Amino acid sequence: MFKAAIAEKPDKNYQTVVDLFDHTFFEELAFLDFSKPAPVLGAIEADWSDYLLRECSQFKDSLNRTMEKYCLFLQPELIELMEEVINSPFLWIVFNAPVIRQFSAKNNTSNSYNLLARQEIRDLLKEYIQLITALLEQYNQRVFEDKQIKISDELWAKEVLPKIGSGRI
């Protein structure tokens, strides 16, 4: 989403997931048009709103399955963190975004659609991202280095979708 929302790659070397979620990340997401096509594989067509909804739903389901399967082996703090992610107010907004979009379309407010235009929603996203990064840190501490989640400069290559600015309003 960040790559699709920015006009050009920031002059920053992103090495960890936490590096990605800086002030620039949250400010630039205000320019993502959620009605523009998202880079999905295969014959499926989706805009950014549909893509975000599907990805958040799959992630939430995965967390639920993980807790069900491994709850006896997980530390209480980790279970609590996973529950906070699952019950995030940001996810509630994502899951209700289609209704919000339909309401906007009925009132002919605009052809573009930006879920993150309002600072209040970006603040909820920040809270959600803080939970996600805490969860990723927990994961990275528990797995071998080759299994850790990291940021690579390859993600910024022109051949790697989305293209820079492809979803910008």
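Predicted model: local features only at pLDDT ≥ 70, side-chain atom pairs only at ≥ 80, totals over all residues.
**Rings**

The centres of the Tyr14 and Trp156 rings are 5.6 Å apart and the planes make 25 degrees, so I put the pair down as stacked. Under 30 degrees is what stacked asks for. Then I checked where the partners come from. Tyr14 is in the loop between α1 (2–5) and α2 (17–20), while Trp156 is in the segment after α7 (119–142), so this pair ties together parts that lie 142 residues apart in sequence.

I went on to Phe21 and Phe25. How are their planes set, and what kind of aromatic pair do they form? I got 90 degrees between the planes and 4.9 Å centre to centre, which is edge-to-face. Phe25 has 6% relative accessibility, so I call Phe25 buried. Phe21 comes out at 21%, so Phe21 is partly exposed. The cut-off for buried is under 20%.

How many aromatic pairs are there by this rule? I have eight on my list. Ring pairs also join up into a cluster, made of Phe2, Tyr14, Phe21, Phe25, Phe26 and Trp156. So both of the pairs I looked at have their rings in this cluster.

**Salt bridges**

I found five salt bridges in the structure, and I wrote up some of them.

Lys12 pairs with Asp22, and their closest N and O atoms are 2.8 Å apart. Lys12 sits in the loop between α1 and α2, and Asp22 in the loop between α2 and α3 (23–28), so the bridge ties together parts ten residues apart in sequence.

Arg168 has 22% relative accessibility, so Arg168 goes down as partly exposed.

My next entry is Glu120 with Arg118, where the closest N and O atoms are 3.4 Å apart. A salt bridge needs them within 4 Å. Here Glu120 is partly exposed at 46%, and Arg118 is exposed at 53%.

**Surface patches**

Now for the outside. Which residues gather in a patch of negative charge on the surface? I noted Glu77, Glu80, Glu83 and Glu84. I placed Glu77 in helix α5, residues 76–86. Glu77 has 56% relative accessibility, so Glu77 counts as exposed.

There is a nonpolar patch on the surface too: Tyr70, Leu72 and Phe73, with about 410 Å² of accessible area together. I found Phe73 in the loop between α4 (48–70) and α5. At 67% relative accessibility, Phe73 is exposed.

**One last residue**

I finished with Asn87, which is in the loop between α5 and α6 (89–106). Its relative accessible area is 58%, so I list Asn87 as exposed. I also took a C-alpha distance: Asn87 and Glu45 are 42 residues apart along the chain, and their C-alpha atoms are separated by 28 Å.

Terms used:
Residues numbered from 1 in each chain as written. Heavy atoms only, no water. Patch = residues over 30% accessible without salt bridge, like charges linked within 9 Å, V, L, I, M, F, W, Y side chains within 5 Å. Areas by Shrake-Rupley, 256 points an atom, 1.4 Å probe, with all protein chains shown as cover. Salt bridge = Lys/Arg side-chain N within 4 Å of Asp/Glu carboxyl O. Lys, Arg positive; Asp, Glu negative; His and termini not counted. Charge placed at Lys NZ, Arg CZ, Asp CG, Glu CD. Helix = DSSP H or I, 4+ residues; strand = E, 2+ residues; numbered from the N terminus. Buried < 20%, exposed > 50% of the residue type's maximum accessible area, 1.4 Å probe, protein only. Phe/Tyr/Trp six-rings, centres within 6.5 Å; stacked < 30°, edge-to-face > 60°.
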